[in-house]
Each structure stands twice: as structure tokens, then as C-alpha cells.
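Welcome! Take a moment to look over the sequence and the 3D structure below, and then let us walk through them together.

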Amino acid sequence: MSYLEFFAVVTGVISVILSARANIWSWPAGIVNVFLSAFFYYQIQLYPDMFLMGFFFITNILGWWRWANPKPEEEDKKKQLKISFMPRKQFLIFLAVGVIGTVLIGTLAGQLHHLFPFVFNLPSAYPFVDSFILVMSIITTFLMIQKRIECWIIWLMIDVVATYLYFLKGAMFFGVEYILFTIIAGFALWNWIKEYKSYKTAK
């Protein structure tokens with residue numbers, strides 16, 4: 001285990017715990033995690049995950065702003081964005097897009113070492129599994145920016161798949177991290193539903 005992997009894991013755990021508690025400081029903690037994780041993913045040839053970090057950098061900034069600047073009707077008692085559910089049909093459409101995106105990105109990832117050999121001198125490891133993590137993470141991050149409860153259902157799926165992948169790659173500390181993330185995601189789903197229900201009792 002390298003220092004880079006260790007500190008990437010620590011900042012990742014801090015960020016997810018804060019997210020589970022719907023704490024706005026999860027976003028700046030996530031920005032630190034993004035930089036550390038991007039370098040680590042490059043080292044172990046998980047290129048789709050490396051590209052994902054660039055996306056996460058932008059969405060951490062967007063999420064920070066969105067949670068801090070809700071419309072008046074969207075405010076909770078902390079003057080931050082309220083937690084909400086999304087329409088079921090819309091959720092199913094997001095899942096379908098995720099499956100299609102996984103196939104497309106996975107196919108591309110499998111060819112990166114042929115297309116850009118001067119950058120990617122080794123083939124992408126498990127391109128379709130890695131691409132599932134990438135695509136679904138993009139989808140669920142947008143849901144998290146809007147504080148949609150369904151984001152934690154998708155995070156649970158991602159965390160289980162990622163746990164398997166990192167142990168398979170020998171990134172044991174990242175594997176343990178994602179076991180923790182799975183537990184935290186379960187707590188977060190329960191906690192966000194609990195807070196959502198509290199809005200009705202507060203009226």
C-alpha cells in the first residue's frame with residue numbers, strides 16, 4: 001500500500017461519511033480526494049476511473065454551489081437544498097442509460113492502448129466493469145447534486161462492484177474502503193429517507 005492510496009482512501013471515506021449525513025462539507029473533502037485518486041488510478045491502469053476524477057472535480061464544485069444556493073421553496077431548516085425522491089419512470093430511464101453507456105464506454109476503454117499507445121502503454125484492466133463504475137457514478141453524482149434519495153440506491157450497486165474490482169486488482173486498501181462505502185451507503189439511504197420524512201412532521 002502506497003501513501004498515495006492511503007490518503008486517497010482516507011479523504012474518500014471522510015467525504016462519503018459527510019455526504020451520508022447530508023453535510024455540505026462533503027464537497028470540498030471530495031475535491032481533495034479527486035486529485036489523490038486520479039494519480040492512483042493511473043498507476044494501476046484503471047483509466048476510466050482516472051477520467052472519472054476529472055468529472056468529479058467539476059461536479060464537486062457544482063454540488064457545493066447547488067446545496068448552498070437552493071431556491072426558497074427548496075430550502076430546509078439549514079437554508080440548504082432539501083432531500084427529495086424522483087419520479088420512478090425517470091429513475092428507470094437513468095438506469096437504462098447507465099447500461100447503454102457502460103457498453104459504449106467499455107468498448108472504447110478496451111481499445112485505448114491501441115488508439116493512444118503513447119499515453120496508455122498497457123491495456124485497460126476489466127474495461128466493462130470499470131466502465132460500469134464510471135457511467136453509474138456520473139449518473140448518481142448528478143442525482144446527489146439534486147439531493148435525490150435514489151442516488152444512494154445506485155451508490156450501493158457501484159460500491160459492491162467496485163469492492164470486487166479492487167480486490168481483484170490487488171488494491172486491498174481501496175477494496176476495504178469500498179466495503180466501508182457499501183455500509184455507509186446503506187446508512188445514508190436510511191438517513192436521507194428519515195430526513196425526508198421529517199419535513200412533513202415539521203410542517
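Start with Trp 152: apart from neighbours within four places in sequence, Trp 152 is in contact (heavy atoms within 4.5 Å) with Val 16, Ser 19, Ala 20, Met 144, Ala 185, Ala 188, Leu 189 and Trp 192. Please keep in mind that this is a predicted model, in which local features need pLDDT of at least 70 and side-chain atom pairs count only at pLDDT 80 or more, while totals for chains, interfaces and linings use all residues. Residues are numbered from 1 along each chain as its sequence is written, and side-chain values use heavy atoms, with hydrogens and water left out.

**The core**

- Trp 152 is also one of the residues that touch the most other members of the largest nonpolar core, which has 55 residues.
- A nonpolar core here is a set of buried Ala, Val, Leu, Ile, Met, Phe, Trp, Tyr and Cys residues joined through side-chain atoms within 4.5 Å.
- "Buried" means under 20% relative accessible area, "exposed" over 50%, and "partly exposed" in between (1.4 Å probe, protein chains only).
- Which elements give two or more residues to this core? They are α1 (3-20), α2 (26-43), α3 (47-68), α6 (127-145), α7 and α8 (172-202).
- α8 gives the most to this core, with 9 residues.
- In soluble globular proteins, nonpolar side chains tend to be buried together.

**Two helices to follow**

- The helices named here are DSSP runs (H or I, at least four residues), numbered from the N terminus.
- Helix α7 covers residues 151-168, and its 18 residues reach 26 Å from first C-alpha to last, close to the 26 Å expected at 1.5 Å a residue.
- That expected span is 1.5 Å times one less than the number of residues in the helix.
- The buried residues of α7 include Trp 152, Trp 155, Ile 158, Asp 159, Ala 162 and Tyr 166.
- An α-helix has 3.6 residues a turn, so residues three or four places apart point the same way.
- After α7 comes Gly 170, with a positive phi near 85°.
- α2 also has 18 residues, and α2 reaches 26 Å from its first C-alpha to its last, close to the expected 26 Å.
- Among the buried residues of α2 are Trp 27, Ile 31, Val 34, Ala 38 and Tyr 41.
- Just after α2, Gln 45 takes a positive phi of about 60°.

- Most residues other than glycine have a negative phi, and most peptide bonds are trans.
- Ala 22, however, has a positive phi near 55°; Ala 22 sits in the loop between α1 and α2 and is buried at 0% relative accessibility.
- Lys 147 is not a glycine either, yet its phi is positive at about 55°.
- Lys 147 lies in the loop between α6 and α7. Is Lys 147 buried or exposed? Its relative accessible area is 0%, so Lys 147 counts as buried.

- Leu 46 belongs to the loop between α2 and α3, and its 0% relative accessibility makes it buried.
- The C-alpha atoms of Leu 46 and Tyr 166 are separated by 9.9 Å, although the two residues are 120 residues apart along the chain.
- Not counting residues up to four places away in sequence, Leu 46 touches Tyr 41, Ala 125, Asp 130, Leu 165, Tyr 166 and Lys 169.
- Ser 84 lies in the loop between α3 and α4 (88-109).
- Ser 84 and Tyr 196 are 112 residues apart in sequence and 6.5 Å apart in space, C-alpha to C-alpha.
- Beyond its neighbours within four places, the contacts of Ser 84 include Lys 147 and Tyr 196.

**Salt bridges**

- How many salt bridges are there? The count comes to 2, where a salt bridge is a side-chain nitrogen of Lys or Arg within 4 Å of a carboxyl oxygen of Asp or Glu.
- One joins the side chains of Glu 74 and Arg 66 (3.0 Å, N to O), and Arg 66 is buried with a relative accessible area of 15%.
- Another joins Lys 79 and Glu 75 (3.7 Å, N to O); Lys 79 is exposed at 55% relative accessibility, whereas Glu 75 is partly exposed at 27%.
- Side chains of opposite charge can pair when their charged atoms come close.
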